[in-house]
Amino acid sequence: MYLRLDAAPCIAVEQSDNEVFHQCRDRVVRSGVLLSSDCSRSLAVGDDVSVDGRVVGGVATRIVTNLRCSSMLNPYEGVDWTNTEYLHSVNHEHTFAPNTGGETWREGERGWEPQEVFDSLYYHGIRHFAISNYHPSKPTYPLADFFEEVPVDVIGCPNAEHTGTRGHYCAVGSTFESASRGFQGDWQDLFDGLLEELSYDGGGGIIINHPRRSGFSFEDLTDRFTYDDRIIGIEAWNHRGVVLPKYRSRGNALSTWDELLSAGVDCFGFFNPDYHTRWDWTRAGHPPRGRNVLLVEEQSESAAALAYREGRCFGALDGSGLRFEHIDASNGQVKVETDREAYISWISCGQVIASTMGTSAKYELTGGEPYIRIEAADETGERIFSQPIRFPEHDWQDE
Ligand SMILES: [Zn+2]
């Protein structure tokens, strides 16, 4: 029996010594290591397994088709793309001025009234408000306690930005309050408090804000991510950290995100302006950029918190409407569709590994990628960023 690789996406060859080799298209992978890109294109039970014409040992004892990578982690699995709602959210945005040492914030951050700031976010399409006021760090929730006019289609979420230890953190869904001068204690104590007070079952979690601006090393970040699996991600884009000269562009942490993902760290990316002013696109220079587009079946607080925890969302810089309309990973392929023509890029290990112009694209996995993420950009300059689809181990199994 011969099975041609171009007829079946993946073929596994179990050898007599029980080592399993996997062939994905024209490549042979062994324990996630690429052995060859030019292997034999047809195999049969009883054949010697060869790579580049060289017998690598053992005879094929079993040939299996329709493989899937059992350890694939795809946050979009289960998204009902035809019925999903696109709920625009921020998790790092300030509406009041800090008041260090005080009981509550001051109004009129940079001269803007809190209601004006709120209204400007609403005007620009934000419907899920996980506002992150600090000093004191406590939830701006429920919204009606802080803003006079809250439209009926707006969803609130407890959250705050916490400082005091090394780094700044938001915790989507947490009602934890820390002292007005910043949290007193180490980051582990802070994390314990934040996680203890998560209000939605299975939803929300801690996000490490502007990790490059905070000067975190790779080890600092992996320490935090191994602490608890409710540390859900980093702020991959903090626009304030991109445009304010004092932060020297370090608000863009896409490279940090790729570094973590390349090392197998389970880490989503989140996108925020972190502005402390009204969102004013007419002001010269710095339109607010960054938001999280949540994919939810219903517009509710708990559905939004779950989307954060599970990474059922994508990042957008402008919120102009360019969106992913389908992301699917199966049978050794990842497929994407967008709602309009865009420049679609596939990224793994910090490199663009393929790109194309169109409204759909397909990537054939080689078996060597620890993760794949997708970016799309349109002619207006809008950019959207998928969450990663991760392959912690390439242990392909029967479907
Ligand atoms: Zn902030």
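Is Asp274 buried or exposed? Asp274 is buried, with 27 other C-beta atoms within 10 Å. Buried here means that 20 or more other C-beta atoms lie within 10 Å of a residue's own, exposed means 12 or fewer, and partly exposed is in between, with C-beta atoms placed from the backbone.

This is a predicted model: local features need pLDDT of at least 70, side-chain atom pairs count only at pLDDT 80 or more, and totals for chains, interfaces and linings use all residues. Residues are numbered from 1 along each chain as its sequence is written.

**The chain overall**

- The chain has 6 helices and 26 strands. Both are DSSP runs numbered from the N terminus: helices are H or I with at least four residues, strands are E with at least two.
- Of the 399 residues in the chain, 47% are buried.
- Take the contacts between residues at least 6 apart in sequence: 64% of them join residues at least 24 apart. Two residues are in contact if their C-beta atoms, placed from the backbone, lie within 7 Å.

**Strands around S15**

- Strand S15 covers residues 205-208 and runs antiparallel to strand S14, residues 169-172. The two are joined by 4 bridges. Strands pair if DSSP finds at least two bridges between them.
- Tyr169 has Ile208 in S15 as its bridge partner.
- S15 also joins strand S16 (residues 231-238), through 3 bridges, and these two run parallel.
- Ile207 has Gly233 in S16 as its bridge partner.
- Between S15 and S16 the chain passes through helix H3 (residues 218-225), and this β-α-β crossover is right-handed. Right-handed means that, with the strands pointing away from the viewer, the path from the first strand over the helix to the second runs clockwise.

**Cis peptide bonds**

- His135 and Pro136 are joined by a cis peptide bond, with omega about 0 degrees. Pro136 sits in the loop between strand S11 (128-129) and strand S12 (155-156).
- Tyr141 and Pro142 are also joined by a cis peptide bond, with omega about -5 degrees. Pro142 lies in the loop between S11 and S12.

- Asp274 is not a glycine, yet its phi is positive, about 55 degrees. Asp274 is in the loop between strand S17 (268-272) and strand S18 (291-296).
- Ser249 is not a glycine either, and its phi is positive at about 65 degrees. The loop between helix H4 (239-243) and helix H5 (254-262) holds Ser249.
- Ser249 is exposed, with 12 other C-beta atoms within 10 Å.
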